[in-house]
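Try each task before you read its solution.

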Amino acid sequence: MSDRLSWKQRLGLETLWIICRGFALLPRIVRHHVFGYPIYLILCYVVHYRRNVIMTNLRNSFPEKSEKELKRICRDFYRNLTEQIINTISQAGISDKALMRRTRFINTDEVQKEVDGGHLICITAHYGSWEGASTISLYMPEQRMVAVYHKLQNKLFDELMKRIRQHTNVELVTMQRTMRHFVENRNIRPMLLGLISDQNPVFRPNLHWHKFLHQWSAFFDGAEVMALKYNIPVYYYSTRRVKAGIYEGELIRIYDGKEDVAEHEIMERYVRALEKDIIANPPMWMWSHRRWKHIPPKELQEIKF
């Protein structure tokens with residue numbers, strides 16, 4: 001809560017909010033072209049933001065591509081990173097109609113019929129405009145959207161991000177409280193739980209490893225755990241960039257809430273859907289994350305892809 005901040009932090013928070021709010025109200029061309037290009041040049045050619053991490057991830061994920069191709073993807077990634085920074089700030093306090101113009105969902109009526117007023121899980125990744133996924137709450141008002149987020153260590157920026165992400169019909173819940181929140185509120189109103197699952201989970205001996213982009217990878221599996229325990233349908237959020245700041249979203253069902261599936265099968269379907277999107281448009285994924293910090297078991301390392 002903001003009352004936990006010191007007066008200096010509160011002052012800083014309000015100052016940053018006013019700046020973000022003013023920026024969000026600028027015309028799209030100004031935000032993405034007048035401001036976007038200089039930010040891209042700074043990230044790519046001045047700061048070299050996590051360049052080594054990005055290139056290492058690209059080389060390991062696309063061993064068949066030449067160094068020239070990988071460098072081009074890297075440059076295009078910086079353009080995407082710039083756009084996502086602008087997209088995030090551009091959500092600050094804008095109207096519902098403006099949000100819906102920036103992320104358009106093409107099949108929410110169909111999904112509403114499939115879930116028939118029940119709960120559903122929307123599982124996404126750091127691909128394209130992932131922050132825009134919360135806009136689905138405006139297209140599916142029957143469900144209260146519970147946006148699961150990772151709390152930032154910096155209290156000021158944590159509060160700022162919560163303000164930016166807070167919109168009509170959206171409730172923010174930390175990762176640690178997701179299951180408890182669902183159990184305590186599931187009989188009050190149908191929920192749409194939004195989870196980002198492509199980050200590195202905390203290492204544990206029983207991690208399940210998936211083949212992903214030529215590497216053994218572990219994923220957050222909370223979506224599968226909840227889906228199987230409470231028979232909740234799971235949808236993968238696939239997004240397509242139309243033009244700078246404008247995206248199209250689609251929900252692809254990967255589990256209907258009733259099917260008898262093997263353990264880890266739901267997450268495997270998610271991994272395959274995400275991998276397909278990344279291969280189709282590599283710069284759209286967040287390559288600057290240290291995605292492969294954990295080392296898989298020795299017996300897996302010996303398996304050739």
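**Exercise 1.** Find the residues that threonine 103 contacts, leaving aside its neighbours within four places in sequence.

*Solution.* Step one: list the partners. They are Gly132, Thr135, Tyr139, Tyr237 and Tyr247, where contact means heavy atoms within 4.5 Å. Threonine 103 has a relative accessible area of 3%, so it counts as buried (under 20%; exposed is over 50%, partly exposed in between; 1.4 Å probe, protein chains only).

Some ground rules. The model is predicted: local features need pLDDT of at least 70, side-chain atom pairs count only at pLDDT 80 or more, and totals for chains, interfaces and linings use all residues. Residues are numbered from 1 along each chain as its sequence is written, and side-chain values use heavy atoms, without hydrogens and water.

**Exercise 2.** Classify the ring pair of tryptophan 285 and tryptophan 287.

*Solution.* Start with the total: the structure holds 15 aromatic pairs. Rings of Phe, Tyr and Trp (its six-membered ring) pair if their centres lie within 6.5 Å; planes under 30 degrees apart are stacked, over 60 edge-to-face, the rest tilted. Now tryptophan 285 and tryptophan 287: 4.9 Å centre to centre and 90° between the planes, hence edge-to-face. Tryptophan 285 is buried at 2% relative accessible area. Tryptophan 287 is buried too, at 0%.

**Exercise 3.** Which residues form one aromatic cluster?

*Solution.* The members are Phe62, Phe212, Phe219, Tyr236, Tyr270, Trp285, Trp287 and Trp292.
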